[in-house]
Amino acid sequence: MRLLVVEDDPQIADGLSRALRRNGHVVDVLDRGLSADITLGTQDFDVVILDLGLPDMDGIDVLRRLRGREKRTPVLVLTARDELADRVRGLDLGADDYMVKPFEMDELEARIRAIARRAHAGSGGDLVVGKLCMKLAQRRILVDDAPVEFSPREFAVLEILLLRRGRVVSKAQLQEQLCAWDSALTDGAIELYVHRVRRKLEFSDVTIRTVRGFGYLLENNGHSGDA
């Protein structure tokens, strides 16, 4: 998943982004509320991890403006504000979850997965299409209950397509989701990763169709429903 961490404490931001990247996520970091507001107005993320006590614009205002633009990007508030009134206010303004510092990384990861599933794939614990099952918590892929080995980048490509199944995903969207601001992938690299994922799904009932001029579409061999 592509995550945006909005946190003005350099030590917390660095530790959090490092841990999330080790778990296979693409992570961008901002330390000011105004820059977060501008970025969220122009770019898409799977989940935003938002501190409230930010310079130049409070996190509550960032959240209010995001929801005012009718963007449903999942937001997990991560803050030192532990008063009940703060929790209620954040959730009422559209936060999907609220955690108080200090926190355990395993719990944070679990909550990120949960709100991403609710936003993109319903309430189920895994992403399932036909015989294909992606276990987000274990970072594993099963085809007809048999494990299939995927590299971290291949896993990320399939995750993006699964989360957006039924919709065409362009190369530009894949590049945006797979790369932080300080890295890049060429069109040829995207094509190579999609090719590798296709080969590993060869014995499943899931295909990745190229929609010429638009991008890629994950399908359950013509069936509209999941398993």
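Mentor: Let's look at a pair of helices and then at one residue.
Mentor: This is a predicted model, where local features need pLDDT of at least 70, side-chain atom pairs count only at pLDDT 80 or more, and totals for chains, interfaces and linings use all residues. Residues are numbered from 1 along each chain as its sequence is written, and side-chain values use heavy atoms, with hydrogens and water left out.
Trainee: OK, at what angle do α6 and α7 cross?
Mentor: Roughly 125°, and the axes of α6 (residues 152-163) and α7 (residues 171-178) come within 10 Å. Axes are lines fitted to C-alpha atoms, for helices over the stretch in contact, with angles from 0 to 180 degrees between N-to-C directions. Helices are DSSP runs (H or I, at least four residues) numbered from the N terminus.
Trainee: Which residues make the contact?
Mentor: Arg153, Ala156, Val157 and Ile160 of α6 meet Leu174, Gln177 and Leu178 of α7; contact means heavy atoms within 4.5 Å.
Trainee: Switching topic: is Glu154 buried or exposed?
Mentor: Glu154 counts as buried because its relative accessibility is 4%, and buried means under 20% relative accessible area (1.4 Å probe, protein chains only). Glu154 lies in α6.
Trainee: Which side chain does the Glu154 side chain join in a polar contact?
Mentor: That of Lys200, at 2.6 Å. A polar contact is a pair of N or O atoms within 3.5 Å; within protein, one must be able to donate a hydrogen and the other to accept it, and residues adjacent in sequence count only if both atoms are side-chain atoms. A polar atom of the Glu154 side chain also lies 3.0 Å from the backbone nitrogen of Ser151.

Notes:
Helices (H or I, at least four residues) and strands (E, at least two) are DSSP runs, numbered from the N terminus. Buried means under 20% relative accessible area, exposed over 50%, partly exposed in between (1.4 Å probe, protein chains only).
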